[in-house]
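Open the model in your viewer and have the sequence at hand. This tour goes stop by stop: select, look, move on.

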Amino acid sequence: MRRLSASVVSLVTLTVAALWWFVPGGYPYGAASRVTVGFNHWIERDVGVGLLVASGVLGVLLTLGIRSRPKLVGVGAAAQSVFFLLVMSDASVLSSIGYLLVPVVFLAVGALVVVGCVRRRPVAYVTAVLLLTGLVLGLTTTDVISRYLTNLAVGFGVYGGRIAWSWVMAAITVGWAWLAYGSFTHERGTANPRWGKTVTILTACCGVPYALARLSWATPWPLGGYDPRTGHIEFLVSANIDAATRLQGFTIGMGSVLSVVLTLGLISRWGEVFPRWVPRVGGRPVPVVLAVGPGLFATVVLCVSAPGVLAGAVQSGSALDGVLFVLLFPCPVWGPLMGAALLAYSRRRSAPPRESARVPAKIRPSS
């Protein structure tokens, strides 16, 4: 399986290099790219193709040596992963996740309302009426929703291809990282780390600045926005923002709130046992993979985006812009903290139950 994985990753790398070489207009990086949140913004086509060819050839050599020199292959796989992480990936992966979380939030809210209505909760009835009223008014009295959907379609039309290439680079990063992990890992005993709660709270706090900034777009005082007139990031946005853009920012903010809540679930009771009101599974233990799986995905996205965030901060118009950018997207610390929080959660859930400290009393002989 490891040899097959290394072969596939190497083949994909060489295929991408060939595509960029024979189709010059398909190269997504370099100074001509509209996306600047990555070090690949400074890599032109000739250099980029050469780097991928070298990586692909090295990958083939590593594939051939998996059985005979596993440790050496592990070092090579780790180097490949670091190369794609620091050089070829960027933070556009994270931005696409923000937009993909929007429908997830809507589906989650809708599911909660439906469950509440089935269980005859008055709050659920009121929420359902408010949501339906807002949807009808939004569709019949204004063009906010239609303009919002148009903005999303235009955005993905312009940046979709560029973002897709970033996902390819991120997938190659994960592939080599998995091979490196498999070369060095070994079984260790489980334990319940004392630092797990603190790390998890810090991880959740990393998502709070962006959530608050985007939620504020529903108020007269929008925070953390880019002003096209000055080319700078402003703490308090002074430019006029239309209603559709405000709705877009607010919905992305709700996605960020969801990520914060799910992170806190790693140290909450409902992160270990399904709440009683959840249909069919209420009261049952939460499968560890159900929490760790999405968490690992988020960890990968955050770590892959970290170098791009630093590159974007360096290319900002001023030092203040760079600080605000890193404050909104603290991926360099967010990713490692998320990984540590998941490690603590999985160890705690896998730890054997404590044995009772009580010693049975000796039976005294009857007199």
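**Stop 1: a helix and its buried residues**

Begin with V73, G74, G76, A77, Q80, S81, F83, F84 and M88, which are buried residues of α3. Now select the whole of helix α3, residues 70-88. It has 19 residues. From its first C-alpha to its last it reaches 26 Å, close to the 27 Å expected at 1.5 Å a residue. Look again at the buried positions, such as V73, A77, Q80 and F84. An α-helix has 3.6 residues a turn, so residues three or four places apart point the same way.

**Stop 2: the whole chain**

Zoom out. This is a predicted model, so keep an eye on confidence as you go. Color the chain by pLDDT, the predictor's confidence in each residue. The mean for the protein chain is 82, and 89% of its residues reach 70 or more. Select helix α7, residues 196-206: confidence is highest there, at 94. Then select strand β2, residues 232-236, where confidence is lowest, at a mean of 74. Next, pick residues 355-367. There pLDDT stays under 50. The model has zero contacts beyond four places in sequence for this stretch.

Switch to a cartoon view. How many helices and strands are in the protein chain? There are twelve helices and two strands. Trace the elements from the N terminus on: α-α-α-α-α-α-α-α-β-β-α-α-α-α. The chain has 367 residues, and buried residues make up 38% of them. Take the contacts between residues at least 6 apart in sequence: 74% of these join residues at least 24 apart.

**Stop 3: a nonpolar patch**

The protein chain exposes about 21,200 Å². Carbon and sulfur atoms supply 71% of that area. Now select L14, V53, V57, L58, V60, L61 and L64. Together they make a nonpolar surface patch of about 570 Å². Which helix gives the largest share of the patch? Helix α2, residues 45-64, supplies six residues. Click on V57, which lies in helix α2. V57 counts as partly exposed because its relative accessibility is 44%, between the cut-offs of 20% for buried and 50% for exposed.

**Stop 4: three salt bridges**

A search of the whole structure finds three salt bridges. Visit each in turn.

- Select D46 and R45. Their side chains meet in a salt bridge, at 3.5 Å from N to O. D46 counts as exposed, at 54% relative accessibility.
- Select D90 and R162. Here the N to O distance is 2.9 Å. The pair links distant parts of the chain, 72 residues apart. D90 sits in the loop between α3 and α4, while R162 is in helix α6, residues 144-184. Are these two residues buried or exposed? D90 is buried, with a relative accessible area of 0%. R162 also counts as buried, at 9% relative accessibility.
- Select R348 and E272. Their side chains meet at 3.0 Å, N to O. R348 lies in helix α12, residues 331-350, and E272 in the loop between α9 and α10, so the pair ties together parts that are 76 residues apart in sequence. R348 counts as partly exposed, at 22% relative accessibility. E272 is partly exposed too, at 21%.

**Stop 5: a serine in α9**

Select S256, which lies in helix α9. S256 counts as buried because its relative accessibility is 10%, under the 20% cut-off. What is S256 in contact with, leaving aside its neighbours within four places in sequence? Show G207, Y210 and A211: these are its contacts.

**Stop 6: a cysteine in α12**

Return to helix α12 and select C331. At 1% relative accessibility, C331 counts as buried. Display L94, L302, S305, A306, V309 and P336 around C331. C331 is in contact with these residues, leaving aside its neighbours within four places in sequence. Now pick the C-alpha atoms of C331 and A306. They are separated by 4.7 Å, though the two residues are 25 apart along the chain.

Technical notes: Residues numbered from 1 in each chain as written. Predicted model: local features only at pLDDT ≥ 70, side-chain atom pairs only at ≥ 80, totals over all residues. Heavy atoms only, no water. Helix = DSSP H or I, 4+ residues; strand = E, 2+ residues; numbered from the N terminus. Expected span 1.5 Å × (residues − 1). Buried < 20%, exposed > 50% of the residue type's maximum accessible area, 1.4 Å probe, protein only. Patch = residues over 30% accessible without salt bridge, like charges linked within 9 Å, V, L, I, M, F, W, Y side chains within 5 Å. Areas by Shrake-Rupley, 256 points an atom, 1.4 Å probe, with all protein chains shown as cover. Salt bridge = Lys/Arg side-chain N within 4 Å of Asp/Glu carboxyl O. pLDDT = per-residue confidence, 0-100. Contact = heavy atoms within 4.5 Å.
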